[in-house]
Amino acid sequence: SSLTTLDLSSFNTTNVTNMYRMFLQCSSLTTTINIMNTNTTYENMFTDAATASGSKITVNYIADASALVDNMIATKSSNSNVVKGKQI
């Protein structure tokens with residue numbers, strides 16, 4: 001919960017198949033992640049994530065992953081600042 005920044009700019013998600021609880025309870029986190037595949041498990045990925053004032057998680061995506069990202073973001077808590085970013 002005390003993690004505030006995480007540089008994921010070099011994080012290649014092309015072959016990642018499981019993001020289960022990846023940001024669970026990272027309430028103070030501000031970061032951007034790029035989703036580059038369409039075959040990823042994501043349950044509870046954003047539960048209680050980016051809930052602190054000023055925190056934000058932006059999810060960029062490849063064109064084929066647009067619907068997947070919508071579903072990922074739907075796992076956020078109601079007070080989470082997790083947003084769909086831009087197509088990459």
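I take contact to mean heavy atoms within 4.5 Å. The model is predicted, so I note its limits: local features need pLDDT of at least 70, side-chain atom pairs count only at pLDDT 80 or more, and totals for chains, interfaces and linings use all residues. Residues are numbered from 1 along each chain as its sequence is written, and side-chain values use heavy atoms, with hydrogens and water left out.

**Entry: S80.** I looked up S80 in the loop between α1 (66-73) and β3. Helices (H or I, at least four residues) and strands (E, at least two) are DSSP runs, numbered from the N terminus. Beyond residues up to four places away in sequence, S80 touches F46, D48, A49, A50 and T51. S80 counts as buried because its relative accessibility is 6%. Buried means under 20% relative accessible area, exposed over 50%, partly exposed in between (1.4 Å probe, protein chains only).

**Entry: rings.** I found one aromatic pair in the structure. F23 and F46 are stacked, 5.6 Å centre to centre with 5 degrees between the planes. Rings of Phe, Tyr and Trp (its six-membered ring) pair if their centres lie within 6.5 Å; planes under 30 degrees apart count as stacked, over 60 as edge-to-face and the rest as tilted. F23 lies in the segment before β1 (30-35), and F46 in the loop between β1 and β2 (56-61), 23 residues apart. F23 is buried at 2% relative accessible area, and F46 is buried at 0%.

**Entry: I88.** I placed I88 in the segment after β3 (82-87). I88 is partly exposed, at 45% relative accessible area. Leaving aside neighbours within four places in sequence, its contacts are N34, M36, N60, Y61 and I62.
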